[in-house]
Structure formats: C-alpha cells, structure tokens
Amino acid sequence: MQLSMWTYPWDIQDLGLETVERDLVERAGLNMISLATSYHAGRFLLPRSPHRKAYFPEDGTIYFKPTAARWASLAIQPKVADVIAQGGDVLGNLVRRRDAGGLGISCWTVCLHNTRLGMLHPQAVTRNAFGDANYYNLCPSHPDARAYVRALVADISHSYRPDRIELESPSFMGFAHEYHHEKDGVGLTPEDDFLLSLCFCPACLARAADAGIDGEAARRLVRQWIAETCERAVPERRFADFPTGGLDVFRPWPELHAYLIWRFEPVTSLVAELREAAHPGTRVVIIDLKDGWLGGCDLEALGKVCDGAILCAYDMQAGDVASLMAAGRAALGPEKFLGTGYRLFYPEMAGPDILAAKVRPARAPGIDGINFYNYGLVPAARLDWIGAALSA
C-alpha cells in the first residue's frame, strides 16, 4: 500500500530533508511523499517552521526546473517559484534520495486552478452564463490551457520520473472556492453555486457544438435562473434534492441536461491526453471528491483513461469512507489504483481515536493507498496519530 503525505517544498526547505523524511517514515509510518509541483495562492499557518509562522506562496507557480524545449511554442508559460529558483530543486533532491532507497515520490500537480495565469490569459478561463470570467480556473476546453497542462505533466514525468503524478483540478471549479475576499450578499444555495460554475466560454460552446450539443440554449436557461436567484429577497431552493439527485435533477430541461452530460468530455479527454503525455513508468491518478460530477468528472470514464484515483474522505464518518471506497472501486474496476485522502485539521480530526476509526475502512483489501493532508500545516504530534492509526 502506498502511504503518503501531501507536502509543500517550503516545508522541506524550512525543516530540512532529513527531518521531513524521519517524520514521515519513523513517526507517521509512511513510504511516500506527495510533493506539490505546481500550486495556487493562499495564506498558510506553519506551526513547525523555525523561520516563519505565516506564509503566502506565489500564485500559480511551479516547483521544479522546467525543460525549456517543452514550452518553447506554447502560449501559456510557467513561472518557477522563487523558493525553487533561489532555494534549490527540492524535487530533484527527493528523487535522488528515492533512487538511493528513500521515500517513493508522488508529484501533487495542480492543473487548471491558476489565477496568475488566468489573469494573464483571460481568453483561456471559464466563463459563466453571463460571460463573466472565472480567472482562477483555466478551462479544460481551451486549447492553450490543455497544451499548458500537457507540457506540465510531460515535463515532470520525463525529467524527474516520479512514481506517481496526482492531478488536482483537471476540471471545472465551483463558483465559491475561497478566492480573496469573496462576497455573496444573496445567499447562494448549492444549486446556485453550481449554475454559476457552469462554463459557457467560446471554447466550450464550440466544442459542444462539434458534438451536436446546443450549448447556447443551455446558456440562456442558466442565465435566466441566475437572474431569478439575484432578484429574490431571500434564498430559495430550486431543487430540493440537489446535489444528491445528480444530473437527473436536470432531465426536465433536455438542452441543459445534454450540455451537462457533454461537460464530462473535455475533462475526460484532457486526462487521457495527460496519461499519454506522461512517461510510461509514472502512474497518473486524479484527486477527486465524492460528488466529482459537479466539476465535470465522470469517475468511471476517467478510470478508463488514467491509472486510478485518490478520493478524498474529507468531513466523512467511518461508515461513509467505506461507502466511498466501495463506489470508487465499482466505478474504476478491479485493476486501477484506488486510494483515499484524509485531512488532519481540527476539529475534523479532534484526536487519534477519530483518525484511527476513519482510517480503518481504507485499510481494507482492494484499497491501494492513503494520503494525509498536510505535513507543514499541522502540529508534529498529529504525525504520531497517523503512525498509531496505521499500526492499529
């Protein structure tokens, strides 16, 4: 079983590679590290860093040394984060230690969630039914965005040969995603957020039209619904069974339902291209959530074009984890990698017994891996909780 922990390069720079390896192996009982190789902005509390406690990473940068030839002809270009340009190639150091018998290497790779690049390339971002740009989300239908992510995955896998690449956000993102100072005075319902997340950019409409789908009719309906939401004095649920009812909720509106079914295509085909671009020796898996369909992820279809999935069990009870894993295995089939991910944040994980109970279902036969979130964001004592949960 692959047992890993999501980790940022600055954690390793601040604490030292030997300390991080000792923590992961001896305290937590892990055999792999999932290192961020491209990431977005944020503000992070670093409880164990000896140098700082609050950190704002550069937005939309990469954490490895790119191969110039792979990017020469592309419209969207990567930027190497200053912590790597100035502090050294953390991924390269980890790979060398792996080859000498150290931890396995998984590259945690954010694909389309990139506000810096969205601001630089607004033609390549998702747009709602009113044409408003979501600058934080490059669109999986846009050729420039697809070419960027293909080069990203190809460069990482062929240059560094990691054991695994974990694809985060190769899909459409929700309207609410903790963007800087988000404000909503309306009180959006879950279905309102979903409707505002639907992309009707020119690339999506053209790609849908090529498939025989009337995206413009779907856009008009969604635009009308959003306008009605904004006119209400107080929030009102349009669909009582959303999101539990899935796409069946939209069957009474055939044009919209067809567009939502089509929406899986750009995501699935992009992931297929990423698997093809990657080195054959690197396993390519997606990071997804229980309701991944909201972002255009069809787990069964994705399982046919990549090597498997890590399904995050955030905010779930132990029984829900077992159901999540069973559904994941049914969708992926028996041969593909299936893992899960746990967030070690308080109060979600209020103690070692809670973590142990939630981890137990993921130790069942047929589950191939577990990831924990996140090395640099939690107190060191919680590493011992992982070790106890895995040895129970």
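This is a predicted model: local features need pLDDT of at least 70, side-chain atom pairs count only at pLDDT 80 or more; totals for chains, interfaces and linings use all residues.
A residue is called buried when its relative accessible area is under 20%, exposed when that area is over 50%, and partly exposed in between. Strand S1 spans residues 2-7, and five of its six residues are buried, so the strand is largely enclosed by the rest of the structure.

Strand S13, residues 369-373, runs parallel to S1 and is joined to it by five bridges. Strand S2, residues 32-39, also runs parallel to S1, with four bridges between them.

A compact globule of 392 residues would have a radius of gyration near 21 Å, and the chain has 21 Å, which agrees. Along the principal axes, the C-alpha atoms fill a box of roughly 55 × 50 × 40 Å. Buried residues make up 56% of the 392 residues. Among contacts with a separation of 6 or more, 75% are between residues 24 or more positions apart.

The accessible surface comes to about 16000 Å², and carbon and sulfur atoms account for 54% of it. As for charge, there are 39 positive and 47 negative side chains, and the centres of these two sets lie 4 Å apart.

Strand S11, residues 308-312, runs parallel to S12 and is joined to it by five bridges. One of the pairings links Gly308 with Phe337 in S12.

Helices contribute buried residues too. In helix H11, residues 254-262, the buried residues are Leu256, His257, Tyr259, Leu260 and Trp262. An α-helix has 3.6 residues a turn, so residues three or four places apart point the same way. The cover over the buried residues of H11 includes helix H8 (190-197), helix H9 (202-210), helix H10 (215-231) and helix H12 (264-277).

The loops deserve a look as well. Ala75 lies in the loop between helix H3 (68-71) and helix H4 (82-87). Its relative accessible area is 45%, so Ala75 is partly exposed. What does Ala75 contact, leaving aside its neighbours within four places in sequence? The residues in contact with Ala75 are His121 and Asp144. Ala75 and Tyr148 are 73 residues apart in sequence, and their C-alpha atoms are 8.0 Å apart in space.

Most residues other than glycine have a negative phi, and most peptide bonds are trans. Against that background, the peptide bond joining Phe242 and Pro243 is cis, with omega about 5°. Pro243 lies in the loop between H10 and H11. The peptide bond from Tyr373 to Asn374 is cis as well, and its omega is near 10°.

Two residues other than glycine have a positive phi worth noting: Arg161, with phi near 55°, and Ser169, with phi near 55°. Where do Arg161 and Ser169 lie? Arg161 lies in the loop between helix H7 (143-160) and strand S9 (164-168), and Ser169 is found in the loop between S9 and H8. Arg161 counts as partly exposed because its relative accessibility is 44%. Ser169, at 12% relative accessibility, counts as buried.

How values were computed: Residues are numbered from 1 along each chain as its sequence is written. Side-chain values use heavy atoms; hydrogens and water are left out. The radius of gyration is taken over C-alpha atoms; the globule rule is 2.2 Å times the number of residues to the power 0.38. Buried means under 20% relative accessible area, exposed over 50%, partly exposed in between (1.4 Å probe, protein chains only). Contact means heavy atoms within 4.5 Å. Accessible areas come from the Shrake-Rupley method with a 1.4 Å probe; for residues, only the protein chains shown count as cover. Lys and Arg count as positive and Asp and Glu as negative; His and the chain ends are not counted. The place of a charge is taken as NZ of Lys, CZ of Arg, CG of Asp or CD of Glu. Helices (H or I, at least four residues) and strands (E, at least two) are DSSP runs, numbered from the N terminus. Two strands pair if DSSP finds at least two bridges between them.
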